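Subject: Handover of a structure and the findings from it

Dear colleague,

Please find below the structure that I am handing over to you. A summary of the findings follows it.

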Amino acid sequence: MALILPSIPKNVLLHSIKRRLRQHIYKRKNLPIYIFTHHKTGTVLATNVLKEISDFLGLKICRVYGYCDEVPAGYDVVIFEHSLVGSNILTSSFRGVHIIRDPRSVLISGYQYHRHTEELWCNTKPLVSSSSEDIKFPFVPYSREHESLEWKKRYLDDLQGMSYKDNLKSLETEKGLEFELDRYASWTIEDMANWNYDIDNVLEVKMEDILQSYDEVFLTIFDHLGFVGKLREKAQNIAKSHDLNRMSDSEIKANKHIHSKNHSKWESLLDDETLDIFTEKYGETLKKLGYT
């Protein structure tokens, strides 16, 4: 089962007459918004922008972790943080955006994040009985709760009694990257590769394009979502306030999800041997996703 977390408005007393009117007009004219992301592909950015827009419009927004096969009821904006969804969701009526990232950057970003994160699954030791009939979070991350029991047991055995994070921190960089590549990075890359890129109502976006042409790409996203007039302008101003390139060094340092303004660090951080291993494993996937 997926975990569905509602997002609470910053100020629950903001439901003014004007805000309720905006909500009524928007919901009468527009379909639900679904944002599909993957681990380390801009999930936090998309969530922050859409949450602020939802607060402005009075829309209900939630985040979904892990595999989900039923449309979350009662929400106007849904962030599917792992893009693991069933056909019931993809064949429903909505406007969607799917964000991917260069798999090599996914590897580097995931490796750096998992070495320092306080996420519970990443810090939990695999102390599960071999006779367990079900294994759930936090012994496995939400993104893998849908895997078979056999898969989960192999994953936990492979951790050799240490948490995922402790495994990474016990290894030198090269071996740590290989550890990440064989696990979370691999899961994310394969999920991106297995996505259906021919869904008419889903706009496909690369994180690199957002970072390189931030304003233009967000305008394209808002146009696709049906934002017009003053709402389009308001949404764009909200997006600008979350632009990495507009942030100060102190703002970046305070954000646990960001290591630097450089989001394409794989060229300098992947040595030839690790890059060869990566290319041998995912060379065709790089081509399929439009990365060379």
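A residue is called buried if its relative accessible area is under 20%, exposed if over 50%, and partly exposed in between (1.4 Å probe, protein chains only). This is a predicted model, in which local features need pLDDT of at least 70 and side-chain atom pairs count only at pLDDT 80 or more, while totals for chains, interfaces and linings use all residues. Residues are numbered from 1 along each chain as its sequence is written, and side-chain values use heavy atoms, with hydrogens and water left out.

Aromatic rings

Rings of Phe, Tyr and Trp (its six-membered ring) pair if their centres lie within 6.5 Å; planes under 30 degrees apart count as stacked, over 60 as edge-to-face and the rest as tilted. The whole structure holds 19 aromatic pairs. One of them joins Phe36 and Trp195, whose ring centres are 5.1 Å apart with planes at 50°, so this pair is tilted. Phe36 belongs to strand β2 (residues 33-36) and Trp195 to the loop between α9 (184-194) and β6 (202-206), so that the pair links distant parts of the chain, 159 residues apart; helices (H or I, at least four residues) and strands (E, at least two) are DSSP runs, numbered from the N terminus. Both Phe36 and Trp195 are buried. Phe222 and Phe227 form a stacked pair, at 5.5 Å centre to centre and 20° between the planes. Phe222 is buried at a relative accessible area of 0%, and Phe227 is buried at 2%.

Salt bridges

A salt bridge is a side-chain nitrogen of Lys or Arg within 4 Å of a carboxyl oxygen of Asp or Glu. The search of the whole structure gives 12 of them. In one, Asp134 meets Lys152 at 3.9 Å, N to O. Asp134 lies in the loop between α5 (120-123) and α6 (149-158) and Lys152 in helix α6, so the pair ties together parts 18 residues apart in sequence. Asp134 is partly exposed, with 45% relative accessibility, whereas Lys152 is buried at 3%.

Lys287 and Glu284 form another salt bridge, their closest N and O atoms being 3.7 Å apart. Both residues lie in helix α15 (residues 272-288), 3 residues apart, about one turn of the helix. Lys287 is exposed at 57% relative accessibility, and Glu284 is exposed at 59%.

With kind regards
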